[in-house]
Amino acid sequence: MEEKTNIIKDLSIEEREEILVDIARTLEDTAREAYVEGNTHFAALSNNMAEAIRVNADELARDDPENAELVFQQATAMISQFEAVHPYRMVSMAVH
């Protein structure tokens, strides 16, 4: 994780913002999958974090690279936690 955070500091503002938006998108995908599996609490947390990142991505990338790194670490940890509990990705998210 240390290597990734050092890389984030060296990126341009646009690249940092793009990474934050990508991690927000990944959190939304994870939230959708958690919701389908019945884990509504994790889905709500993941969705809220994704929304907060998406709304503040510009400000974090431009004005606060240290906190952008912390947000990135927390989001990555949340995704890793979900993947550890659910190692096999769902093929279909159809709810009947």
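Visitor: How are H2 and H3 oriented to each other?

Guide: The model before you is a predicted one. Helix H2 covers residues 13-36 and helix H3 covers residues 40-63; their axes come within 8 Å and cross at roughly 170°. An angle over 145 degrees counts as roughly antiparallel, and H2 and H3 are therefore roughly antiparallel to each other. The residues that form the contact of H2 with H3 comprise 17 nonpolar, 4 polar and 7 charged ones.

Let us turn to one residue of H2. Thr30 lies in this helix and counts as buried, because its relative accessibility is 2%, where the cut-off for buried is under 20%. A polar atom of the Thr30 side chain lies 2.9 Å from the backbone oxygen of Thr26. When neighbours within four places in sequence are left aside, Thr30 is in contact with Phe42, Ser46, Ile79 and Phe82.

Charged side chains come next. Side chains of opposite charge can pair when their charged atoms come close.

The side chains of Arg54 and Glu28 meet in a salt bridge, with 2.8 Å from N to O. Arg54 belongs to helix H3 and Glu28 to helix H2, so this pair ties together parts that are 26 residues apart in sequence. Arg54 is partly exposed, with a relative accessible area of 34%, and Glu28 likewise counts as partly exposed, at 24% relative accessibility.

Another pair is found within H2. Asp22 and Arg25 meet through their side chains in a salt bridge of 2.8 Å, N to O. These residues are 3 residues apart in helix H2, which means that about one helical turn separates Asp22 and Arg25. Asp22 counts as partly exposed at 33% relative accessibility, and Arg25 is partly exposed with a relative accessible area of 40%.

A further pair is found within H3. Here the side chains of Arg62 and Asp58 form a salt bridge, at 3.1 Å from N to O. Because Arg62 and Asp58 are 4 residues apart in helix H3, they too are separated by about one helical turn. Arg62 is partly exposed, its relative accessible area being 43%; Asp58 is partly exposed as well, with 34%.

Key. Residues numbered from 1 in each chain as written. Predicted model: local features only at pLDDT ≥ 70, side-chain atom pairs only at ≥ 80, totals over all residues. Heavy atoms only, no water. Axes fitted to C-alpha atoms, helices over the stretch in contact; angles between N-to-C directions. Helix = DSSP H or I, 4+ residues; strand = E, 2+ residues; numbered from the N terminus. Parallel < 35°, antiparallel > 145°, perpendicular 65-115°, else oblique. Nonpolar A, V, L, I, M, F, W, Y, C, P; charged D, E, K, R; others polar. Buried < 20%, exposed > 50% of the residue type's maximum accessible area, 1.4 Å probe, protein only. Polar contact = N/O pair within 3.5 Å; in protein donor to acceptor, adjacent residues only side chain to side chain. Contact = heavy atoms within 4.5 Å. Salt bridge = Lys/Arg side-chain N within 4 Å of Asp/Glu carboxyl O.
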